[in-house]
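This report describes selected features of one protein structure.

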Amino acid sequence: MQKLRREAIERAKLNSACNTIISTLFVVLITLLGLFICDLSGLVQLDKPLQYVSAANAIKDQIPERNFISASQTGTLEPLQGQHIDKVNVIKPIIDNRDYRYLELENNLKVLLIHDPESEMASAAMDVKAGSWHEPNEYPGLAHFCEHMLFIGSQKYPQTGYFDDLMAKGGGSSNAYTEAQNTNYYFEITVNHLGKALDAFAHFFIDPLFSEDAVNKERNAVNSEYEIDVSTEDWKVVNLFALLADPKHPASRFSIGNNDVLAKEGVVEALKKFYQDNYSSNIMSLAVSSRLSLNEMEKLVKVFSKIQNKNLIPQSVSGFPYQFGLLGKYKTEKKLVLLNWQLSGREQFVHQKPLELIDYLLNNGNLKDILKEKQLVIEFESSIFIEQSHFVNYIIELTLPEQPLQDGNIALEITRIINNYIQQLEEWLKDEKYLQEIFKEQSQISKINFEYMEGPQEISNIAKSLNKYEPAEVLSSSFIMDVFDKDLIQKYISELKKTDNLLILIGDDEFQFTDNKLKDNNKEFLKDKKLDKKSEIYRLEYAVQKFNKDTIKIITQKDSKLQKQFTKPQENLFIPDDLKLISLCESNQSKLPLMVHSEELKPLDKEGKLNLLLHAGQDLQEFSEDQCKKEENVYQKNNHYPILLNKENNQWWKVSTQFKLPSVYGAVFIQYTKPLTIKQFTSIRIYNFISDEEINKQLRQPLTTGYSVDLDMGKQIEIKAYGFSEKVKSFFEKICGCINPFRDKSKSFIEIEETNEESPNFIRAKQSLITSIKDIFQMKLYEQSFQLYLPSILRKDFFNPEQVLQQIPDITEEQMFQDIKDILQNSIQSSLLIGNIDQKNAQDLSAELQTCIQEKEAEIQTPIRLPISVLNLSQKNWVYAKFVESDKGDLNGVTLNYYQIGQRTQENYALMKILQPLLNSQAYNHLRTDLQLGYVVAMKFKQVSCIDGALFLIQGNKELPMKVNQLIEEFLLQFDEYLKDMNKKQFEHLRHSAIVELRQKPQSLSEEAERLWGYISSGDYSFEERQVTIERLKSITKQQVVEFYENVFISNRSKISLQLYGEGMVSQTLSLKNNQEFDSYIQANIPEGASLFTDTESLFYDCTNDVSSV
């Protein structure tokens, strides 16, 4: 739920530059300009389930919230001897209990120290004002390559995998990214390893090696990264922008790098020169956070004073980089229109935030509704996606229905409507009173979201802000909105109206390349399905043309009749006024629930736990008034478990005000008591899009105020929502009205119309589902391996997306509603409310949530969960090979080796916690760094329902997947010897790190909620799992770890090797022509002792509930 809360605040405002990514496209765009990740710990989301989601929301970047500042709440700096003479007050939220100290080292390195008393984990980040725009033309991608190389070794720590091993021993992770004009490095580790980690980290920048051998190896990782990214749909627009940039501007440069450019003679010297010319302590900023005292951390960071200060002034780049005033089109797998505006830089307007205000007005009138009602679009998303000090690019991504583009006129019609809305917006804002009211409202929202910002900001973002803003505003800079400037707002609206600032891009799968030059005529250009330009390095086909007078006239001509249809945003009724925290003593008249301890839960079965936690909320303890307040503080601090309010309806509650948030998280889980047919599954997926659209329409105000809701309808229904406690009841009521169409009409926003014609909402929902399924097959191969193919093999209840796609045309609206009714009538429900809410209000709201799905008089279903059948590999050694033809020219292959462990036991779980970091680190060092098998290399223990297993995942093009499978097996034998040779001290480090990680308390209300909800929604109720695992870890021996490892991976392994072969790997590398030849190749190359996967005569585990994962 932490991500849910963060996304709520993201929706409240646009964020700065590369932090405001909403859609899949925007995330990947930042990755190019952007996030070149060198450590897969932050990239491969192996826990992410397969979901059919809207294209625009397929991937969301996690960003720090921003809003207003509170001048009264600060952290302070005591003057430091010989380092800084001023006192800096770091502005922080009123609920923030962390202490801050800003200092500058003697080499002018900027440092922010953060004392976080509640965290067992420590983190650090370094931001450098040097990026891809600073690299030489001869070596495009050199800045990104340099970022990779700094992790490889230094003179003090020359061992290639030293830093990764340190992360593993300390239960940590590291990562980095390269942007246009800065590079950011960061890590997290248990606090007792912080000193060593900081020293090694400092030497990244003090004495990096750049050895020729390491350069030659790591170049392959960069090339693998290039091959992965260039073959994906999302990067096509990213690359188009590079092609459309001024050739003299560095934005036109190919900035990721590959073997063609990084294998040039002299690259080692070029790397050293780039580092020497661009890395200097005076343009770097360091942020460190831990529970160590500020003085202790200050001593630890002194090593960074050894970084050389070259007194560099970062190279300045001015002027607009991109050529706009253009129509463009490109071949893609889904139909899109992208409107891009290149606007004046806004870095100096951090307190005004004019573009955020305009974005709010564009998204919260009825512009989206009109575009959808006209059946022009099915999705509308806006964002800032490229930003430097002198320019900012603002984009609106519009997903079109799956129908022909009608000679391209739809793109101009959409642009015309949006331009008319901007014209009308300009008129509305001439009313200064209205403009001031909107600004005041947004400023108030910003202030609340900053003052009550949940959890710490990402350490990498803090370091970046420290390198960009004044030290006092390092936390608040992204939130500040306290200077009203109507002229500035009008200036940006005027720029949005100029066609010279506009680029219209049209994506379609029907476009085809031609060698003939296209006619210089916009009308013919839009009608023609041909493309006349091709980029080999980006593997992209496209065409561009300047706007002519007729196009400009169509776009800009005022349509008074249309403008009368527009409605402007009205007063926001969801801004909270009462932000006071509740007191149980006051609401219960000096009575408190019973405290439950882990030792009480440990010996109980599921029924016993339910009874204990039910009575804890009924048998209240009575205190005197004064004593109750003291006891309440103890209860809040030490009560880790929720109260069961209603056993029959499985309704849970926990008061939690320890984070000082005046908010409530709610979650509802609805499980079906009858198996779904594929037709019913398709119906509920279609209905998910109808509900989502209604939620976004009816809850537009709260969703721009920091509230959030996440709805997932599939094999079960899950609703997660957040709201400020004062308004939370009305918020949940509106959510309910968008989900159940069978409620009283006064309570439901979704109407069931008795007509033979399909409603526009239903048509759009079907189109959205088609688009989202097509997106699945455009994912990177490694994402497809664990989100699509592995579940399809292991889970009996998995519905193949291709089969769902075939069902969609046959589903009628009437059938869909009937299927939804049948499903909801045969379901059971669980719910959780946690936060600033007392028991009485929680009971009332839980009852309201119950009627979201079932009417009050409805008979409660017996709470029996349908078993989930998971394939039992039973000491099999299977190979499943697939020729993936979706992306022509993809030279990559994926190997995903899955080793099944079996049903969860407490001992196995403790053993996995010890093994995970070391096994992942060693696999990464050997398979990626040493053998250079691919950019994507990861190992993770992962559960499938109630069955534990281990994954090894590799994507690359150096070796074929069949060979990679064998290399993984060889590594596992080597690691067995490594494990046996481990000394007592090394083992104790691993065990201690696992214990520290489990001891880590929730850092926010959302994190606490997510932990508890995992146990409730799974039906597991093992709330005491962390404490039990810690006790188990204390007695685990090295011999037990070795025996467990050998049993799983060597002597009694139960394994399937899932192998995906990209189209280019099959047609070019293997020179095979079709699936028949591919199948023959696979059969001829099956390793000894393995066999091809077959699901005949298969055995299955029956899981009564999912296991939780901490």
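**An open sheet and its helices**

The model is predicted. In it, 6 strands make up an open sheet of mixed pairing, ordered S29-S30-S28-S31-S27-S32. Strand S29 (936–944) and strand S32 (1091–1092) are the edge strands, each of them pairing on one side only. S29 is joined to strand S30 (residues 947–956) by 9 bridges in the antiparallel sense. Within this pairing, Gln943 has Asp948 of S30 as its bridge partner.

Two helices lie across strands of this sheet. Helix H33 (residues 961–981) lies across S27, S28, S30 and S31, and runs at about 45° to S28.

Strand S8 (residues 284–290) is mostly covered, with 7 of its 7 residues buried. Met284, Leu286, Val288 and Ser290 point one way from S8, while Ser285, Ala287 and Ser289 point the other way; all are buried.

| Strand | Partner | Sense | Bridges | Residues standing opposite |
|---|---|---|---|---|
| S4 (residues 110–115) | S8 | parallel | 6 bridges | Lys110 and Ser285 |
| S5 (residues 121–128) | S8 | antiparallel | 6 bridges | Val128 and Met284 |

**Helix H6**

Helix H6 (residues 212–230) contains 19 residues. From its first C-alpha to its last, H6 reaches 27 Å, close to the 27 Å expected at 1.5 Å a residue. Of the 19 residues of H6, 14 are buried, so the helix is largely enclosed by the rest of the structure.

**Aromatic rings**

In the whole structure, 56 aromatic pairs are found. One of them is formed by Tyr707 and Phe724: the ring centres are 5.4 Å apart and the planes meet at 85°, so this pair is edge-to-face. Tyr707 belongs to the loop between helix H25 (700–703) and strand S23 (708–713), and Phe724 to strand S24 (residues 717–724); the two are 17 residues apart, and their pair links distant parts of the chain. Tyr707 and Phe724 are both buried.

Ring pairs also join Phe151, Phe163, Tyr185, Phe187, Phe201, Phe204, Phe205 and Phe304 into a cluster.

Lysines sit over rings in two further places. The charged end of Lys264 is placed over the ring of Tyr139, 5.9 Å from the ring centre. Lys534 lies over the face of Phe513, at 4.3 Å from the centre of that ring.

**Glu135**

Leaving aside neighbours within four places in sequence, the contacts of Glu135 are Pro140, Gly141, Leu142, Ala143, His144, Arg253, Phe254, Ser255 and Phe274. Asp819 is 684 residues from Glu135 in sequence, and the C-alpha atoms of these two residues are 58 Å apart in space.

Definitions and conventions. Residues numbered from 1 in each chain as written. Predicted model: local features only at pLDDT ≥ 70, side-chain atom pairs only at ≥ 80, totals over all residues. Heavy atoms only, no water. Pairing = 2+ DSSP bridges. Helix = DSSP H or I, 4+ residues; strand = E, 2+ residues; numbered from the N terminus. Contact = heavy atoms within 4.5 Å. Axes fitted to C-alpha atoms, helices over the stretch in contact; angles between N-to-C directions. Phe/Tyr/Trp six-rings, centres within 6.5 Å; stacked < 30°, edge-to-face > 60°. Buried < 20%, exposed > 50% of the residue type's maximum accessible area, 1.4 Å probe, protein only. Lys NZ or Arg CZ within 6 Å of the ring centre and 35° of its normal. Expected span 1.5 Å × (residues − 1).
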